[in-house]
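This report describes a protein chain, with attention to helix packing, aromatic pairs and selected residues. Please consult the sequence and the structure while reading.

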Amino acid sequence: MSAGAADIQAEALELLEWWRLADQVAGFAGTPLGRALCRRLPLAASRAQSQALLAETTELLALDGLTEGGLSLQGIADLSHTLQLCAKGGVAPADDLLDVATTLAAARRLRRQIDDPQLRPVTTALVAELRTLPELEQRLRFCIEEGGRVADRASPPLAELRRQIAASRAERRERLNELMRRYATLLQDNVVAERNGRPVLAVKAGAAAQLPGLVHDSSASGNTVFIEPQAVIPLGNRLRQLEGQEREAERAVLQELSGLVGEEAPALSQLQQVLTRLDAALARARYGAWLGAVRPELANDPQAPLQLQGLRHPLLLWQQKREGGRAVVPVDVRVGPELRVVAITGPNTGGKTVTLKSVGLAALMARAGLFLPCSGTPRLPWCAQVLADIGDEQSLQQNLSTFSGHVRRIARILEALPPGADADGPASSPEPSGASLVLLDEVGAGTDPTEGTALAIALLRQLADRARLTIATTHFGELKALKYNDPRFENASVAFDVETLSPTYHLQWGIPGRSNALAIASRLGLDRAVLQDAEHLLAPRGEGEVNQVIAGLENQRQRQQEAAEEAAALLARTELLHEELLQRWQQQKEQSAELQEQRRQQLERSIRDGQQEVRRIIRRLRQGRGSDTGAMGESARRAGQRLKHLEQQHRPTPERRDHQGWLPKPGERVRVLSLGKAGEVLSLSDDGRELTVRCGVMRLTLELSAIEGLHGEKAAPPPEPVKAQVAIRSRRNPTGSGPEVRTARNTVDVRGLRVHEAEAAVEEQLRVANGPVWVIHGIGTGKLKRGLRDWLAGLAYVERVSDAERGDGGPGCSVIWLK
C-alpha cells in the first residue's frame with residue numbers, strides 16, 4: 001500500500017470516528033495491554049484474518065456466557081518492562097517477579113477453560129502451544145510472599161540474617177525499656193521515638209548531661225532533647241550492618257529469579273501476546289453483546305451483495321444506552337451485486353450523513369472482528385478499503401475553500417483506488433484483494449450548481465467503474481436521473497414529515513428525495529404570493545411535477561408498508577391460534593391416553609387377581625389325591641394360561657419411535673447438546689457427518705453426535721459401504737435372540753421355596769426373558785424339581801426343559817428354552 005493510500009484511509013478512520021468506537025471497545029478489556037490493543041483496534045489485512053477474529057469473538061462470547069461470573073482475567077499483568085530488564089541481565093523488583101507468577105497462573109486457568117477443540121477450535125489452537133512454565137511459577141511463589149517480600153525460605157543465609165536482626169532488635173528494645181525505668185525522672189515521655197532511623201528517648205533539656213548518649217534532635221521549644229543512649233548505639237550499628245547484609249541476600253535471590261525469568265523471556269513474551277489477543281477478543285465479544293449485535297457473514301467475492309437489515313449507528317446506540325440519548329432509528333441497506341452507486345437525497349438533518357457513517361463503520365467493524373448492530377444476519381463483502389469525504393474541508397491556514405478541500409480529498413481517493421480493481425478484476429482469483437467502499441457527503445457542493453452537478457455525475461461514473469460501492473449524498477436533482485440511464489445506479493432518500501417539519505430518519509430505497517422547501521416555507525407562514533410565484537418559476541422546469549410524482553410514490557410506499565404491517569399482525573394472530581389449537585388437541589390426546597391407561601391397569605389387576613386365585617386352586621388340588629384331582633388341576637392350569645394370554649392381549653404395545661436413518665436438513669431446528677440450546681441447521685457437509693448450526697449469534701460446525709432432534713431423535717450418519725456381512729448363529733440358539741450364557745439377569749434361584757412360590761418366581765422371570773432361563777432348584781428330595789417340570793410342561797410358550805451343564809449346576813439346575 002502506498003503512503004498516499006494509507007494516509008487517505010487514515011483520514012477516513014478519523015472522519016468516521018473510528019477511534020471513538022475503539023475507546024468504547026477498550027472499556028470492556030480486562031488488562032492494560034488489552035485496553036491498549038483495543039484502542040488501536042487494528043484492521044485485518046485479509047479476509048482470512050477477519051474470519052479468524054470473528055471466530056475468536058464468537059467462541060469467547062459463548063464461553064463467557066456459559067461460565068459463572070464470566071471469564072476472569074484477574075492476575076494478568078503487563079510484563080513488558082520486566083521481561084526486557086531480565087533479558088538484559090538486570091534485577092527485577094520482587095513485586096514485578098510476583099506478577100510473572102500470577103500471570104502464568106491466570107494463563108493456565110484460561111487454557112483449561114478454553115480447551116475444547118470441537119466447540120472452540122480457533123481459540124483452542126491459539127492456546128494449545130502456550131508454555132505456562134509451572135516450575136518457574138512454583139519457584140517464584142516459593143521465594144516471594146504475597147505483598148512482594150522475599151521469603152525467609154528463599155535462602156538459608158537470608159533466613160539466618162533475619163533471625164539475627166530479630167534477636168538484636170529484641171535485645172535493643174529490652175535495654176531501652178530498662179533505661180526508661182532507670183531514668184524515668186529525666187524523661188518528658190515514656191515512649192521510644194525515632195530520629196534518622198535510630199531509637200531515641202525524649203529527655204528534658206536540663207537533664208541531658210545526666211544521660212550519656214548521642215543527641216539526634218530537639219523540640220521546637222527547646223525543652224526536649226532526643227538522645228540515643230550510649231548503651232544501645234553498638235546494637236544500632238550492628239543492626240545497620242545486618243540490614244545491609246539482608247539487602248544483599250535479598251538481591252542475590254532476586255538476581256537468581258530474574259535470571260530464570262530472562263531465560264524464559266521468549267516463551268513469556270509469546271504468552272503475553274496470546275493473553276492480550278484473548279483479552280481483546282473477549283472485549284469485542286462483550287461489546288457486541290452489550291450492543292445486541294450480530295455476527296456478520298463476510299463474502300469471499302468482492303462483487304457479493306451487501307445486506308444490512310436494521311443497521312444502527314454504533315456510536316449513537318452507545319449514546320442511547322449509556323447516556324440515555326434518543327432511540328436510534330434503524331436503516332435497511334440492500335445493495336445487489338449489480339449496483340455500484342447509491343445516491344441518497346433528501347432534506348438537511350434527515351440522516352443522510354448518519355447513514356453514510358453507519359455503513360462505513362459496519363464495513364470496518366466486520367473487518368476488525370466485531371459484531372454489527374443489526375436485527376438480521378448482516379452479509380457484506382470483505383472491504384479492503386473504506387474511503388470517505390465527509391464534512392467541511394474549509395482551511396484558512398492552507399487558503400482552501402470548502403469546494404477546494406473536497407476536490408483535493410476526492411483526488412486522493414481516486415489515486416488510492418486501483419484502476420478497475422473491483423469492476424474488471426478476474427472473478428476466478430483465488431485470493432481477492434477485497435472490495436472498495438467510497439462514502440461521499442454532499443458531492444459537488446460548494447460551487448456553481450451547474451458545474452457542481454456535471455462534476456458530480458462524472459465523478460460517480462468514474463467511481464462506478466473503479467469501486468465496488470459508492471454511497472453519495474446530494475441535493476442535485478440531476479443525479480436522481482442517473483438510475484434510469486445506468487443500471488449500476490440506485491436512488492434512496494430519507495423521509496421527512498411535512499406536518500411536523502421534522503425528519504423521520506427512515507431510509508427509503510428506490511425513491512428519490514425532495515427538498516420540501518416550499519412545503520416547509522408554507523408551514524412556517526411565508527407570504528402566499530411569494531410561494532405562488534416560486535411555484536410558477538418551477539413549473540417550466542418540471543420540478544413541481546417531479547415532486548408530485550415523488551410525493552405519490554412516498555404515499556404509495558406508506559400504504560404498502562401499512563398493509564404489510566397489518567398482514568404481519570394477522571399472520572402472528574393466526575400462528576397464535578394455530579398453536580393454541582395444537583395445545584388443545586395435545587391435551588385431549590393425553591387425556592384420552594390417560595383414560596385408556598387407567599382402564600388397562602384395572603383390567604390387568606383383575607387378571608392378576610384371577611391368576612393368583614388359580615394358583616391357590618392348583619396348590620390345594622396338588623395337596624389332594626386321586627385322578628379326578630389331577631384332571632381338575634390340569635383344568636385350573638389351563639384357565640390360568642388363558643388368563644395370562646388375555647393379559648398379554650391387553651398389554652399396550654410400547655411406543656417406539658424409529659429414528660433409524662434420521663438426518664437433519666437445512667432449515668430444521670435441532671438441539672446442541674453442549675449448550676443445551678436449540679439452533680437452526682444451515683448446511684451439511686458432503687459426507688453428511690458434520691453440519692453447520694446457527695445458535696443465536698453463534699455459528700458452529702459440529703459433528704452429528706453433538707446434536708439431537710427437538711423430540712430426542714438421534715442423528716444417524718449415512719451408512720458406509722459394507723464389504724461383507726456374516727451372520728453368526730449359535731447352534732444352541734438358532735433364532736439368535738438373547739444370550740445363551742448364564743448370567744445373573746437370566747438366572748433365578750428358587751431353593752427353599754415351595755412349589756407354588758417357585759412357580760410365581762419363575763413366571764416373573766419368563767415374562768422378561770429374551771432367551772433361555774436357568775432355574776436353580778437344587779437336588780434334595782427332587783419334589784421341587786418335579787413340581788416345576790410338571791408345571792412347565794403345561795406352558796404353551798416353553799419349548800423344552802433340560803438339565804444345565806455340569807459347570808452351571810448339572811441336575812440341580814434346569815434350563816428353560818422358550819419358543
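In which helix is the place of Ser-50? Ser-50 lies in helix α4, which covers residues 47-66.

## Basis of the report

The structure is a predicted model, in which local features need pLDDT of at least 70 and side-chain atom pairs count only at pLDDT 80 or more, while totals for chains, interfaces and linings use all residues. Residues are numbered from 1 along each chain as its sequence is written, and side-chain values use heavy atoms, with hydrogens and water left out.

## Overall composition

The chain contains 21 helices and 23 strands. These elements are DSSP runs numbered from the N terminus, with helices being H or I of at least four residues and strands being E of at least two. Of the 819 residues, 42% count as buried; buried means under 20% relative accessible area, exposed means over 50%, and partly exposed lies in between, for a 1.4 Å probe and protein chains only.

Among contacts in the chain with a separation of 6 or more, 67% are accounted for by residues 24 or more positions apart. A contact means heavy atoms within 4.5 Å.

Ser-50 counts as buried because its relative accessibility is 0%. Not counting residues up to four places away in sequence, Ser-50 touches Ala-44, Leu-298, Ala-366, Arg-367 and Trp-382.

Leu-311 belongs to strand β6 (residues 306-311) and is buried, with a relative accessible area of 2%. Its contacts, leaving aside neighbours within four places in sequence, include Val-329, Pro-330, Val-331 and Ser-358. Val-359, Ala-362, Pro-373 and Cys-374 are also in contact with Leu-311. The C-alpha atoms of Leu-311 and Val-329 are separated by 8.6 Å, and these two residues are 18 residues apart along the chain.

## Packing of α2 with α3

The axes of helix α2 (residues 18-26) and helix α3 (residues 32-40) come within 7 Å and cross at roughly 155°. Axes are lines fitted to C-alpha atoms, for helices over the stretch in contact, and angles run from 0 to 180 degrees between N-to-C directions. The two helices are therefore roughly antiparallel to each other; angles under 35 degrees count as roughly parallel, over 145 as roughly antiparallel, 65 to 115 as roughly perpendicular and the rest as oblique.

The crossing of α2 with α3 is right-handed, a term for a near helix turned clockwise from the far one by less than a right angle, with anticlockwise being left-handed. On the α2 side, the contact is made by Trp-19, Ala-22, Asp-23, Val-25 and Ala-26, and on the α3 side by Arg-35, Cys-38, Arg-39 and Arg-40. These residues divide into 5 nonpolar, no polar and 4 charged. In this classification Ala, Val, Leu, Ile, Met, Phe, Trp, Tyr, Cys and Pro count as nonpolar, Asp, Glu, Lys and Arg as charged, and the others, Gly among them, as polar.

## Packing of α20 with α21

Helix α20 (residues 755-767) packs against helix α21 (residues 783-793) at an angle of about 50°, with the axes 10 Å apart. This makes α20 oblique to α21, and the crossing is right-handed.

Val-755, Ala-758, Glu-759, Val-762, Glu-763 and Leu-766 of α20 meet Lys-783, Leu-784, Gly-787, Leu-788, Trp-791 and Leu-792 of α21. By class, this contact has 8 nonpolar, 1 polar and 3 charged residues.

## Aromatic pairs

The whole structure holds 5 aromatic pairs. Rings of Phe, Tyr and Trp (its six-membered ring) pair if their centres lie within 6.5 Å; planes under 30 degrees apart count as stacked, over 60 as edge-to-face and the rest as tilted. Phe-28 and Trp-318 form an edge-to-face pair, 6.3 Å centre to centre with 85° between the planes. Phe-28 is in the loop between α2 and α3 and Trp-318 is in helix α12 (residues 314-323), so the pair links distant parts of the chain, 290 residues apart.

The pair of Trp-290 and Trp-318 is tilted, since the ring centres are 4.9 Å apart and the planes are at 55°. Trp-290 lies in helix α11 (residues 265-291), so this pair ties together parts 28 residues apart in sequence. Trp-290 is partly exposed at 28% relative accessibility, whereas Trp-318 is buried at 11%. Ring pairs link Phe-28, Tyr-287, Trp-290 and Trp-318 into a cluster.

## Positive phi values

Glu-17, in the loop between α1 (3-15) and α2, has a positive phi near 60°. Glu-442, in the loop between β11 (435-440) and α15 (449-466), has a positive phi near 55°.
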